[in-house]
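Work through the exercises below with the sequence and the model at hand. Each task is followed by a solution in steps.

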Amino acid sequence: MPKFHDVKRLCAYLLTAAAILLSVGIAHGAVTEESGRRVALVIGNSVYRTLPSLPNPANDVEEVANTLRAAGFDVTIGVNVDRIGLEDTVRRFLRSTSNAEAGLIYYSGHGIQVGGQNFIVPIDATLETPYDVETQTMPLDLILNHLKQNSRVQLIFLDACRNNPFNAQKFWMAEKLEPVGATRGLARIDSDLGSLIAFSTEPGQVALDGEGALSPYSESFIKRASEPNKEIRQVLTDVRRDVIAMTNGKQVPWENSSLMDSFYFIPAPPPPSVETMQQASVPEGAAATQLMIAPPHDETGSALLVTINQLPQTGKLSFDGKPVEQGAKLPAAALTALTYDSSGVAAGTVGLIGYTVSDPYGQATQGVVAITVSADAGAKLAQLEQEKQTRLADAGAYLKELPRDIDTTIGVGPVKANLPEVPASAAEMTFKVAALPDKGTLRAGDRVIGLGHVLEAADVPALSYEPQIGTENQTFAVTLQAANDNLPPATVTFKPALDACDSAAAAPLDLQGVTAGKLPNEIDPSVAVPACTEAMKTYPEVARFVYQLGRAQLANRETKMAFSTIKKAMDAGHVRAISELSALYLVGGSVQASLDKSSQMAAMGAKKGDPYALYAYGKNLFYGRGVKANTQEGLKLMLQAADLGHTYAMNELGYIFSNGVNVSSDMERGIRFYESGLKRDDIYSMNSLGMIYRAGKGVPQDLKKALELFKKAADGGQPYAPRNIGLMYRDGLGVPKDEAAALSWLEMGAERGDYWSAFERAKIAKADGSDAESLATAAHYFALASALNRPGTGDPKKQAERELASLADSAKKKAAEAFSTELTAQELKALPKTQSLNERLTLLAKATWAKRNPRYDLF
């Protein structure tokens, strides 16, 4: 062991020795960096209300969710979900998938294959009649196709191949009555590039629940997916081997992969972090001096193993009072507790400790500690101890002063926590993540942080949190603990919240939105316009806020400005904006009405899976509006929209099937769709069901129930329900005749834009005809009916025009005078010129109604 009294010679020696020690070859495991967001949908259904219950799925998915969170997935979980709960869970997941690196689905529960398609069965499904698959289940393809459009890698795991317990053996699938799959279990799914589809058993075979709390497949998946640095195809090979053994060969898991790259649930982190060259001074003749070696660590906080490769030639190295031998293997924490006995070692002597730090991933890093025996080492050690105490005090004060509550906006990407920098005196310290949110994603820069991970001092101010969609009004805690030191931990609480623009103007069923949304007639433009204007300034890269500003401008009667804003949102990639523009082209909102253009845009949105576009384009295809008719494809698209919860589609399908439009009439099938809309508080389904109960068509006549449904629909803003109520009061149908009530309801419907409400109100006034006021009222409403008429509202405006023409000019002039008082001189001047009093009155009616109700987006 050499002695040095010259600093330059000492440094040269240390560098040479370190280079020799560190040049020893070390085998490293494969390092695979997984960048980008990982999102997962995990659903387990056990407690079925009608179908046989399953013992394990609810347990399965709780454990699977924990496993995936540990693998860096932001997990959307649904346990024992009914159809509406399934719909909501799926939509929340789909909203999280935009630009994801990997999207995963894990389903455990009952599944059914019909017509070669697989369906997830929620807990309230009965599957007793041929109508039940399309209204009670969720097609897996719908979720998978959306995932393919929005994530680079798709991973699907189906532990849902149970025996068929369903009473009905044929189910409606669009225009066909399809039999349940001839084979047992689920149907094979072919994977596209970048996809992996895994079944808990072979396609067409049945999976077993097993004897324990978890199914054999889930038990093995949880175990194997948790093993570090194992590629997914190896994981599934091991799962298959496990399940075959657990079931004595009765169940053979199967997968179909077209992955282009390797995928690791728990990828290897960077190799352990070791301070390559450290120096330690010990006093001459000291029996046991702690060396104060900086501890190694890795990002994930894994247990590290230290192997001592070289010992000093003189002196004695000990741990826990026992000598350390060359080749000894110690836990990483032991490095900081090593002691050196310098008895008999001369001052100036330098000894080297060479060691290797290994992690569970097969990676290793080397370090060297140079021990210098010095006569003045005592003073240096005292100084080091003082520095340590200062470091601990500063770190403790830092942790104590960290902010406790941090507001985080949902749906704008990672939100910086803006934590202060660690004091310079504690810059060498590391911090362990002792508690982590179970929803959302914590990051340090681009690195996803998991439970137990270790943060360098520089990582702490770089922390950000991306809340999971749907977590507003919840709180999520992160606890940081100083690694290797007994300091009190600090807990920072993140409080996810909606931006004011989302609260005020989010759109229903927007798969790029973050909340349930508001119907157009629920938007308060005085709140929404400034909120969304501010959101656009704060988050200029978020196209959702641009679109929602356009919605707010529509509510504020700024149609031209709204069209321009919504187009900007579409150009920036917001899919729902496409459907909104399609609707504006349909009604001529600030642009020339064009059914062809409207249909073209709806087709664009449908290709991207937007529920509103699926409905709009499906309807156009079904009826041949603006596009060549294709009833089969149109029906399929509307069914997809209904699967995603679009109640307009449910109502339209109810109308199609109950009235036999382009298909065989099937009142029960139609009623099922109306009832699906009713469960979701759809005002149109309420009105349609009310008409069915009023007529007793397909169900026993129930006038009381019909009136209740009409009134509930009218309270929700439905434009035609007031007419149905008014006619019941006019005719005394289920209620005493009440002309005043009838007039009030019909006037409400007319003001909402219903042609027939205006027409029926005018007929009552004309029939009264006892004075000039009544005839002027008749002229008012016949003119309004003529102005409101739109294609598809029944008798075109010729009937209203004929009735208007039959009235005396004096009545029409009086009505025209009343209309004119609602318009400014400039507005009157802008009206088209005409010599016809009837045309003039219709133009006035339209202008005044549009001034009161210029809402192209209302209904």
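**Exercise 1.** Identify which residues of the largest nonpolar core touch the most other members.

Solution. A nonpolar core is a set of buried Ala, Val, Leu, Ile, Met, Phe, Trp, Tyr and Cys residues joined through side-chain atoms within 4.5 Å, where buried means under 20% relative accessible area with a 1.4 Å probe and protein chains only. Of the 63 residues in the largest core, those touching the most other members are Phe-93, Ile-112, Leu-127, Val-133, Ile-143, Ile-156 and Leu-653. Leaving aside residues up to four places away in sequence, Leu-653 touches Leu-635, Met-638, Leu-639, Ala-642 and Phe-673, a contact being heavy atoms within 4.5 Å. Apart from this core lies another, of 33 residues, including Leu-68 and Val-75.

This is a predicted model, in which local features need pLDDT of at least 70 and side-chain atom pairs count only at pLDDT 80 or more, while totals for chains, interfaces and linings use all residues. Residues are numbered from 1 along each chain as its sequence is written, and side-chain values use heavy atoms, with hydrogens and water left out.

**Exercise 2.** Decide whether Arg-544 is buried or exposed.

Solution. Begin by locating Arg-544 in helix α11, residues 543–555. Its relative accessibility is 5%, so Arg-544 counts as buried. Not counting residues up to four places away in sequence, Arg-544 touches several residues, among them Asp-502, Gln-512 and His-574.

**Exercise 3.** Describe how helix α21 packs against helix α22.

Solution. The axes of α21 (residues 721–731) and α22 (residues 739–751) are 8 Å apart, at an angle of about 160 degrees. That makes α21 roughly antiparallel to α22, a label for angles over 145 degrees. Among the residues making the contact are Tyr-729 of α21 and Trp-745 of α22.

Methods
Axes are lines fitted to C-alpha atoms, for helices over the stretch in contact, and angles run from 0 to 180 degrees between N-to-C directions. Helices (H or I, at least four residues) and strands (E, at least two) are DSSP runs, numbered from the N terminus. Angles under 35 degrees count as roughly parallel, over 145 as roughly antiparallel, 65 to 115 as roughly perpendicular and the rest as oblique. Buried means under 20% relative accessible area, exposed over 50%, partly exposed in between (1.4 Å probe, protein chains only).
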